[in-house]
Amino acid sequence: MNAAQLYRLVVHQLLRLGVPGGLGIVLLMAAVAWSVLVHQPDIQRIESLQNKVARLEAKLAEPQVDEPASPVEKLQAFYKSIPERDKIPDRLNELFKLASETGLSLDIGDYTLVHEVSGRLDRFQITFPVKGGYPKLRQFIFAAIEVTPGLALESIAFKRERIGDGEVEARLSFLLFVEKAK
């Protein structure tokens, strides 16, 4: 069967279907397009969540490190978890990546390294304005503190132009504790 004969056969069958059949084919094609365009992102989201669950289950399956017994051991474990000063750019990259993953827009911020006279730690102040929805902002703050050792939320200020706005402007101020330069 050549292309011309196939074309005539298809046209003939479409004409036999009439308006109701043609409408059925159009609706069937619309259903397929709807499935591909609407459900495909949901399927990808489900797969990414399943991957995340698998990673978390693997992390839970890892043998847990014994908790330090004495206060001195606890203090030593705390100091081991604090990043070195030369790791500050890596920690900032993690924060920006996390904000991007959360769907927040981070503007250029202020960064200040504060040298402490006594003690083993210096403070790196990170302050930047953030724009986004309140739930995403909250998710970002908790995730940032959880994944970044030595990070603490120092202050937060919210601003919203109108009550009905879904997006808020916030000024976040974090402290990243780092080991002093040796």
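I looked up α3 and α4, and they pack at an angle of about 145 degrees with their axes 10 Å apart. The axes are lines fitted to C-alpha atoms, for helices over the stretch in contact, and angles run from 0 to 180 degrees between N-to-C directions. Helices are DSSP runs (H or I, at least four residues), numbered from the N terminus.

I note that this is a predicted model: local features need pLDDT of at least 70, side-chain atom pairs count only at pLDDT 80 or more, and totals for chains, interfaces and linings use all residues. Residues are numbered from 1 along each chain as its sequence is written, and side-chain values use heavy atoms, with hydrogens and water left out.

**Contact of α3 with α4**

I checked the hand next: α3 passes α4 in a right-handed crossing. Right-handed means that the near helix is turned clockwise from the far one by less than a right angle. From α3, I listed E94, L95, L98, A99 and T102; they meet K136, Q139, F140, A143, A144 and V147 in α4. Contact here means heavy atoms within 4.5 Å. I sorted the residues of this contact into seven nonpolar, two polar and two charged. Nonpolar covers Ala, Val, Leu, Ile, Met, Phe, Trp, Tyr, Cys and Pro; charged covers Asp, Glu, Lys and Arg; the others, Gly among them, are polar.

**Largest pocket**

I found a volume of about 670 Å³ for the largest pocket. It has 17 lining residues, and K52, L98, E101, A143 and V147 are the closest to its centre. On a 1 Å grid over the protein atoms alone, a pocket is an open set of points where a 1.4 Å probe fits, with protein on both sides within 12 Å along at least five of seven lines; lining residues have an atom within 4 Å of a point. The volume is the space filled by probe spheres set on the points, which are joined across faces, edges and corners. α1 (3-61), α3 (88-102) and α4 (134-147) each supply at least two lining residues. I count six nonpolar, three polar and eight charged residues in the lining.

**Three single residues**

I looked up D86 in the loop between α2 (71-81) and α3. D86 is exposed, at 54% relative accessible area. Exposed means over 50%, buried under 20%, partly exposed in between (1.4 Å probe, protein chains only). L14 lies in α1 and is partly exposed at 46%. H39 is also in α1 and is partly exposed at 37%.
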